[in-house]
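Please keep the structure open while reading.

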Amino acid sequence: MSIKESKKAVVNLNICRGCLQCISVCPRGAIRVVSGRAWIDEDKCVGCGICTRFCPFQAIRMVSSKKAKKDREVKEIKDELGKLRGALFSILARIDKLSNDSCER
Ligand code: SF4
Ligand code: SF4
(Lines give C-alpha, C1' and ligand atoms only; values in the text may rest on other atoms or scores of the structure.)
(Ligands and ions follow the chains in the order given, each with its own letter.)
Protein backbone atom coordinates (compact mmCIF):
# COMPACT_ATOMS: atom_id res chain seq x y z
CA MET A 1 0.00 0.00 0.00
CA SER A 2 1.34 3.44 -0.93
CA ILE A 3 1.35 6.44 1.40
CA LYS A 4 -1.36 8.11 -0.72
CA GLU A 5 -3.67 5.13 -0.27
CA SER A 6 -3.68 5.72 3.48
CA LYS A 7 -5.30 9.15 3.03
CA LYS A 8 -8.89 10.13 2.39
CA ALA A 9 -10.47 13.42 1.38
CA VAL A 10 -13.11 14.88 3.70
CA VAL A 11 -15.37 17.89 3.19
CA ASN A 12 -15.97 20.48 5.86
CA LEU A 13 -19.73 20.94 5.44
CA ASN A 14 -19.62 24.29 7.21
CA ILE A 15 -17.35 25.67 4.48
CA CYS A 16 -18.58 23.86 1.35
CA ARG A 17 -20.79 26.08 -0.84
CA GLY A 18 -21.93 23.31 -3.16
CA CYS A 19 -20.29 24.94 -6.19
CA LEU A 20 -19.63 21.46 -7.70
CA GLN A 21 -16.13 22.31 -8.97
CA CYS A 22 -14.56 19.37 -7.15
CA ILE A 23 -16.87 16.78 -8.72
CA SER A 24 -15.53 16.97 -12.26
CA VAL A 25 -11.87 16.80 -11.24
CA CYS A 26 -12.09 13.60 -9.20
CA PRO A 27 -10.61 10.80 -11.30
CA ARG A 28 -12.54 8.17 -9.34
CA GLY A 29 -15.98 9.71 -9.40
CA ALA A 30 -15.89 9.67 -5.62
CA ILE A 31 -17.62 13.02 -5.08
CA ARG A 32 -21.36 13.62 -5.22
CA VAL A 33 -23.68 16.35 -4.07
CA VAL A 34 -25.91 15.50 -1.13
CA SER A 35 -28.28 18.13 0.24
CA GLY A 36 -26.45 20.86 -1.67
CA ARG A 37 -23.00 19.96 -0.32
CA ALA A 38 -20.15 17.81 -1.62
CA TRP A 39 -20.07 14.28 -0.25
CA ILE A 40 -17.09 11.95 -0.70
CA ASP A 41 -17.47 8.20 -0.94
CA GLU A 42 -14.60 6.89 1.16
CA ASP A 43 -14.69 3.55 -0.59
CA LYS A 44 -13.99 5.19 -3.94
CA CYS A 45 -11.54 7.88 -2.79
CA VAL A 46 -7.92 6.87 -3.41
CA GLY A 47 -6.45 9.88 -1.62
CA CYS A 48 -4.87 11.54 -4.66
CA GLY A 49 -5.64 15.00 -3.23
CA ILE A 50 -6.56 16.56 -6.58
CA CYS A 51 -9.91 17.83 -5.29
CA THR A 52 -8.23 19.83 -2.52
CA ARG A 53 -6.43 21.91 -5.14
CA PHE A 54 -9.62 22.79 -7.03
CA CYS A 55 -11.94 23.78 -4.19
CA PRO A 56 -12.10 27.60 -4.23
CA PHE A 57 -13.14 27.64 -0.58
CA GLN A 58 -10.56 25.19 0.81
CA ALA A 59 -13.39 23.05 2.07
CA ILE A 60 -11.64 19.74 1.40
CA ARG A 61 -8.74 18.37 3.39
CA MET A 62 -6.86 15.13 3.48
CA VAL A 63 -6.92 13.03 6.62
CA SER A 64 -5.63 9.58 7.47
CA SER A 65 -7.97 6.73 6.59
CA LYS A 66 -8.09 5.85 10.27
CA LYS A 67 -9.26 9.36 11.21
CA ALA A 68 -11.79 9.41 8.36
CA LYS A 69 -13.21 6.11 9.63
CA LYS A 70 -13.34 7.40 13.20
CA ASP A 71 -15.03 10.66 12.11
CA ARG A 72 -17.62 8.70 10.17
CA GLU A 73 -18.36 6.49 13.18
CA VAL A 74 -18.69 9.55 15.45
CA LYS A 75 -21.11 11.10 12.95
CA GLU A 76 -23.15 7.89 12.81
CA ILE A 77 -23.34 7.80 16.61
CA LYS A 78 -24.41 11.47 16.73
CA ASP A 79 -27.07 10.80 14.10
CA GLU A 80 -28.37 7.87 16.15
CA LEU A 81 -28.38 10.01 19.29
CA GLY A 82 -30.35 12.68 17.43
CA LYS A 83 -32.96 10.08 16.45
CA LEU A 84 -33.14 8.73 20.01
CA ARG A 85 -33.54 12.26 21.37
CA GLY A 86 -36.43 12.86 18.96
CA ALA A 87 -38.08 9.59 20.01
CA LEU A 88 -37.60 10.41 23.69
CA PHE A 89 -39.20 13.87 23.31
CA SER A 90 -42.10 12.29 21.50
CA ILE A 91 -42.62 9.74 24.32
CA LEU A 92 -42.35 12.44 27.00
CA ALA A 93 -44.90 14.58 25.14
CA ARG A 94 -47.32 11.64 25.02
CA ILE A 95 -46.84 10.96 28.73
CA ASP A 96 -47.47 14.66 29.45
CA LYS A 97 -50.62 14.62 27.38
CA LEU A 98 -51.91 11.46 29.08
CA SER A 99 -51.13 12.95 32.51
CA ASN A 100 -52.96 16.18 31.64
CA ASP A 101 -55.93 14.26 30.26
CA SER A 102 -56.25 12.20 33.46
CA CYS A 103 -56.00 15.34 35.65
CA GLU A 104 -58.88 16.98 33.77
CA ARG A 105 -61.30 14.16 34.66
S1 SF4 B 1 -8.69 12.73 -3.04
FE2 SF4 B 1 -8.72 12.16 -5.24
S3 SF4 B 1 -10.00 10.30 -5.31
FE4 SF4 B 1 -10.38 11.27 -3.32
S5 SF4 B 1 -12.18 12.53 -3.65
FE6 SF4 B 1 -10.37 13.85 -3.98
S7 SF4 B 1 -9.96 13.75 -6.19
FE8 SF4 B 1 -11.34 12.05 -5.69
S1 SF4 C 1 -15.35 22.62 -4.71
FE2 SF4 C 1 -15.36 22.96 -2.50
S3 SF4 C 1 -17.10 24.33 -2.12
FE4 SF4 C 1 -17.34 23.50 -4.19
S5 SF4 C 1 -18.69 21.68 -3.88
FE6 SF4 C 1 -16.55 20.98 -3.79
S7 SF4 C 1 -16.03 21.00 -1.60
FE8 SF4 C 1 -17.85 22.25 -1.87
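This is a predicted model. Leu20 is found in the loop that runs between strand 1 (7–11) and helix 1 (21–25). Ser35 lies in another stretch, the loop between strand 2 (31–34) and strand 3 (37–40). Both topics below can be followed residue by residue.

**Backbone: positive phi**

- Most residues other than glycine have a negative phi.
- Leu20 has a positive phi, near 75°, and is not a glycine.
- Ser35 is not a glycine either, and its phi is positive at about 50°.

**Exposure of these loop residues**

- Leu20 has 12 other C-beta atoms within 10 Å, so this residue is exposed. The cut-off for exposed is 12 or fewer.
- Ser35 has 7 C-beta neighbours inside 10 Å and therefore counts as exposed.

**Ligand 2**

- Ligand 2 is surrounded by 13 residues.
- The closest to ligand 2 are Cys16, Cys19, Cys22, Ala38 and Cys55.
- In the shell around ligand 2, 10 residues are nonpolar, 2 are polar and 1 is charged.

Conventions: Residues are numbered from 1 along each chain as its sequence is written. Chains are lettered from A and ligands numbered from 1 in the order in which they are written. This is a predicted model: local features need pLDDT of at least 70, side-chain atom pairs count only at pLDDT 80 or more; totals for chains, interfaces and linings use all residues. Helices (H or I, at least four residues) and strands (E, at least two) are DSSP runs, numbered from the N terminus. A residue is buried if 20 or more other C-beta atoms lie within 10 Å of its own, exposed if 12 or fewer, and partly exposed in between; C-beta atoms are placed from the backbone. A residue is near a molecule or strand if its C-beta atom, placed from the backbone, lies within 6 Å of it. Ala, Val, Leu, Ile, Met, Phe, Trp, Tyr, Cys and Pro count as nonpolar, Asp, Glu, Lys and Arg as charged, and the others, Gly among them, as polar.
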